[in-house]
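Hi,

Here is the structure I said I'd pass on.

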Amino acid sequence: MGSSSNDDFSVFVLASDLGVDATPFLTNQPKQRSGQGDDEETDENWQDCSQYLVSDEDFSDLDLLQFFSLQGSDRSGSRIFRIVGKHFPAQVVSAERLKKYIFHKICSELPEGPFCIIYMHSTVQKDDNSPGITVLRWIYEELPGNFKDRLQTVYFIHPGLRSRLAIATLGRLFLSGGLYWKIKYVSRLQYLWADIKKGELEVPDFVQDHDDVLEDRPLTDYGIEPDPFHLSAATANPISLGRYEERWASREFAL
């Protein structure tokens, strides 16, 4: 038989339904145990945020949209970043500019300590307001490790049936395990106030209106009942019923 190797190896078995990112287990990177190597490795993992504090790019147009803004704090003391999905123009803002803007806001406005994200999905249209799950993963993975650790919870307000299915299936593939398990679904605003005081978060009127609709028609969450905020106006019939009546009356008169 051939010669055997004395090199040690390890076998990792990961369950497919745990949502664990296997990349760290598959990369063969030697670890520095002591000395200057530890500082170099730390510098690689904790990326510098200074490049986003001073930027020549003007983000005033995105600030006016108010789709990503710093709010108050939740009951545990974590600062709140509010995302209003309906206000984001996905068709005109590139993924690169979106990343620069988010990093600029986080690095320049977020104080030290933990923070959470409240994402309002109310009346969001996929083609108009969604940057795509791969873009969101890319932005999250580019965040400095410090901010990933400080992010405590992502509150997903008014998730629809498609959103739940997409995150439950594709989310486990495209979102790292650390982010996937931080997502908390909130179907009604009344459930959000258990974690956040009302005065700490500004809720747009259309979000409250959408919440009222869901409260009166709970099956709308699962796509069973139509949401009146999504219904398009029906086109008027060019031929009215009166014209049909006049046509039949003229025929009877002729007979």
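**What turned up**

H158 sits in the loop between β4 (151–157) and α9; helices (H or I, at least four residues) and strands (E, at least two) are DSSP runs numbered from the N terminus. Its phi is near 55°, a positive value in a residue other than glycine. H158 counts as buried because its relative accessible area is 5%, where buried means under 20%, exposed over 50% and partly exposed in between (1.4 Å probe, protein chains only).

Before going further, the ground rules: this is a predicted model, where local features need pLDDT of at least 70, side-chain atom pairs count only at pLDDT 80 or more, and totals for chains, interfaces and linings use all residues. Residues are numbered from 1 along each chain as its sequence is written, and side-chain values use heavy atoms, with hydrogens and water left out.

Q66 also has a positive phi, about 55°, although it is not a glycine. You'll find Q66 in the loop between α4 (60–65) and β1 (68–73). With a relative accessible area of 39%, Q66 is partly exposed.

Back to α9 (residues 161–169), which holds S163. S163 is buried, since its relative accessibility is 15%. Neighbours within four places in sequence aside, S163 is in contact (heavy atoms within 4.5 Å) with H121 and F156.

Now the surface. L170, L173 and F174 form a nonpolar patch with about 280 Å² of accessible area together. Patches are made of residues with over 30% relative accessible area and no salt bridge, joining like charges within 9 Å and nonpolar side chains (Val, Leu, Ile, Met, Phe, Trp, Tyr) within 5 Å. A salt bridge here is a side-chain nitrogen of Lys or Arg within 4 Å of a carboxyl oxygen of Asp or Glu, and areas come from the Shrake-Rupley method with a 1.4 Å probe, with only the protein chains shown counting as cover for residues. L173 belongs to helix α10 (residues 171–174) and is exposed at 64%.

There is a patch of negative charge on the surface as well, made up of E202, D205, D209, D212 and D216. E202 is in the loop between α12 (189–192) and α13 (205–216), and its 53% relative accessibility makes it exposed.

For the whole protein, I get 14 helices and five strands. Of the 255 residues, 34% are buried.

Cheers

Conventions:
Lys, Arg positive; Asp, Glu negative; His and termini not counted. Charge placed at Lys NZ, Arg CZ, Asp CG, Glu CD.
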